[in-house]
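Morning, everyone. Please take a look at the structure on the screen.

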Amino acid sequence: MTKPQRRRRRQRSTFLEAAYICPSCGEEIIVPVDLSQGSFQEYVEDCPVCCCPNVITVEMDEHFDDQLQVMVRPE
Ligand SMILES: [Zn+2]
């Protein structure tokens, strides 16, 4: 599998990176979070390492907008 090049654009932090530990394989997974989608997001994403679907919950603190709370549980 080839990794797409990650483009870094200077924007007003629309995207942040969140990290979570996959509950199935224990690997740290980095995911981009689109802040324009709201301060609370929940979605299912397959772990790129072990392919187990995980439910990822991202919550943003309004007072510290660089702080993301990331929770993950197996689907
Ligand atoms: Zn995994």
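**One residue, then the whole chain**

V44 lies in strand β3. A quick word on the term: helices (H or I, at least four residues) and strands (E, at least two) are DSSP runs, numbered from the N terminus.

Before I go on, two notes. Residues are numbered from 1 along each chain, as its sequence is written. The model is predicted, so local features need pLDDT of at least 70, side-chain atom pairs count only at pLDDT 80 or more, and totals for chains, interfaces and linings use all residues.

Back to V44. Is V44 buried or exposed? V44 counts as exposed, because it has 9 C-beta neighbours inside 10 Å. Here are the cut-offs: a residue is buried if 20 or more other C-beta atoms lie within 10 Å of its own, exposed if 12 or fewer, and partly exposed in between, with C-beta atoms placed from the backbone.

What does V44 touch? Leaving out residues up to four places away in sequence, V44 touches P53, V55 and E75. Contact here means that the C-beta atoms of two residues, placed from the backbone, lie within 7 Å. V44 and P74 are 30 residues apart along the chain, and their C-alpha atoms are separated by 9.2 Å.

Now the strand's partner. β3 covers residues 40-46, and it pairs with β4, residues 53-60. The sense is antiparallel, over 7 bridges. Two strands pair if DSSP finds at least two bridges between them. Look at two positions: Y43 stands opposite I56 in β4, and E45 has N54 as its bridge partner.

β3 and β4 form a hairpin, with 6 residues between them. C51 is in that loop. Most residues other than glycine have a negative phi. C51 also counts as exposed, because it has 9 C-beta neighbours inside 10 Å.

Next, the other side of β4. There, 7 bridges join β4 to β5, residues 68-74, and the two run antiparallel. V55 has R73 in β5 as its bridge partner.

A19 stands opposite I30 in β2. This hairpin has 6 residues between its strands, and G26 takes a positive phi near 80°.

Last, the whole chain. It has 0 helices and 5 strands. How many of the 75 residues count as buried? The figure is 4%. Among contacts with a separation of 6 or more, 32% join residues 24 or more positions apart.

And confidence? pLDDT is the predictor's confidence in each residue, from 0 to 100. The chain's mean is 84, and 77% of its residues reach 70 or more. Confidence is lowest in β1, residues 15-21, at a mean of 88, and highest in β3, at 93. That brings us back to the strand that holds V44.
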